[in-house]
Structures are given as structure tokens and as C-alpha cells.
Amino acid sequence: MTGLSTHVLDLTTGRPAVGVRIMLHMQGYPTIEGITDSDGRCKNLLGGEPLKAGRHKIIFDIGNYFTAGGHANVFLHEVTLDFEVSNPEEHHHVPLLATPFAVSTYRGS
């Protein structure tokens, strides 16, 4: 399996973050957008196509998610991850663990 998937977990509730807007910027290509589903996942932003080799940016619009969820004080609005793909034949999974004040991520499988 190739491509890109992501999963957003709301650490304030311990539940999937449903409805988070995600944007993928790849050099030389139009921006691709997705929204997390009922499990907090955006399973394949590229529709099964592999990512191109090189540096890319994925942006998570967590500010609107937390504001809509009733959080009055939101510190982080957009989280941008700048990552590099060296092997486009591999699947890339980018999870985000989020609160209105802090995030964590890692290269998933």
C-alpha cells in the first residue's frame, strides 16, 4: 500500500478528532484537502497514489476543531508538519496527538 494517511486524536477527550480539515502541499502540485472521518482518520489523501519523493507539508486545522468543540482558549490553530519522503513506494502515516495547547507526532506505519 502506498500513499498517505493520517489520524488525529483529541487528547482532551481521548477520542478521535472528527472533522479536522487537513491540507497537503507537495511542490509543483495543487493543494490536496481532506477531513478526518468518524474515527479521526483521513485514510488516503492521495487516492492510492504514492507520494512524490521530496519535502512536503501537511497542515492540520486543529484550532477550528477545538473552538467548535467549546474550547474558549485555543493556543494552536494550524499545525504544520514539514516532512521528507525518500521512498515514495512506502506508505506514509502521519498521526497527530492534539490538545488546544500542545501536539505530538511521529512517523507511523
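Mentor: Two aromatic rings are a pair if their centres lie within 6.5 Å, and planes over 60 degrees apart make the pair edge-to-face. With that in hand, we may turn to this structure, which is a predicted model.

Trainee: How many aromatic pairs does a search of the whole structure find?

Mentor: The search finds 1 aromatic pair.

Trainee: Why is the pair of Y65 and F66 called edge-to-face?

Mentor: The ring centres of Y65 and F66 are 4.9 Å apart, and the limit for a pair is 6.5 Å. Their planes stand at 70 degrees, so the pair is edge-to-face, the cut-off being over 60 degrees.

Trainee: Are Y65 and F66 buried or exposed?

Mentor: Both Y65 and F66 are buried; that is, each has under 20% relative accessible area.

Trainee: What makes G70 count as exposed?

Mentor: The relative accessibility of G70 is 60%, and exposed means over 50%; G70 therefore counts as exposed. This glycine lies in the loop between α1 (62-68) and β7. From I59, G70 is 11 residues away in sequence and 22 Å away in space, C-alpha to C-alpha.

Trainee: Why is G19 called partly exposed?

Mentor: G19 has a relative accessible area of 42%. G19 is placed in the loop between β2 (15-16) and β3 (21-26).

Trainee: Which residues is G19 in contact with, leaving aside neighbours within four places in sequence?

Mentor: G19 is in contact with I35 and T36, contact being heavy atoms within 4.5 Å. Y29, by comparison, is 10 residues from G19 in sequence, and their C-alpha atoms are 24 Å apart in space.

Trainee: In what order do the 4 strands of the open sheet stand?

Mentor: The order is β4-β3-β6-β7, with antiparallel pairing.

Trainee: What makes β4 and β7 stand at the edges?

Mentor: β4 (32-35) and β7 (79-85) each have a single partner strand, so one side of each is left without a neighbour in the sheet. Direction ignored, neighbouring strands of this sheet are turned by 20 degrees against each other on average.

Trainee: How do you know that β3 and β4 pair?

Mentor: At least two bridges are needed for two strands to pair, and β3 and β4 have 4, in the antiparallel sense. M23, for instance, has E33 in β4 as its bridge partner. The hairpin of β3 and β4 has 5 residues between the strands, and in it G28 takes a positive phi near 85 degrees.

Trainee: How do you know that β3 and β6 pair?

Mentor: β3 and β6 are joined by 6 bridges in the antiparallel sense, against a requirement of at least two. L24 has I58 in β6 as its bridge partner.

Trainee: How do you know that β6 and β7 pair?

Mentor: Strand β6 (residues 54-61) pairs with β7 over 7 bridges, again in the antiparallel sense, and at least two are required. F60 stands opposite V79 in β7, and R55 stands opposite E84 in β7.

Trainee: Which residues line the largest pocket?

Mentor: The lining includes L81, F83, E84, H92, H93, V94 and R107, each having an atom within 4 Å of a pocket point. The elements that give two or more residues to this lining are β7 and β8 (91-98). About 180 Å³ of space lies in the largest pocket.

Key:
Residues numbered from 1 in each chain as written. Predicted model: local features only at pLDDT ≥ 70, side-chain atom pairs only at ≥ 80, totals over all residues. Heavy atoms only, no water. Phe/Tyr/Trp six-rings, centres within 6.5 Å; stacked < 30°, edge-to-face > 60°. Buried < 20%, exposed > 50% of the residue type's maximum accessible area, 1.4 Å probe, protein only. Axes fitted to C-alpha atoms, helices over the stretch in contact; angles between N-to-C directions. 1 Å grid on protein atoms, 1.4 Å probe; cavity = no way out; pocket = protein on both sides within 12 Å on 5 of 7 lines; lining within 4 Å. Points joined across faces, edges and corners; volume = space filled by probe spheres on them.
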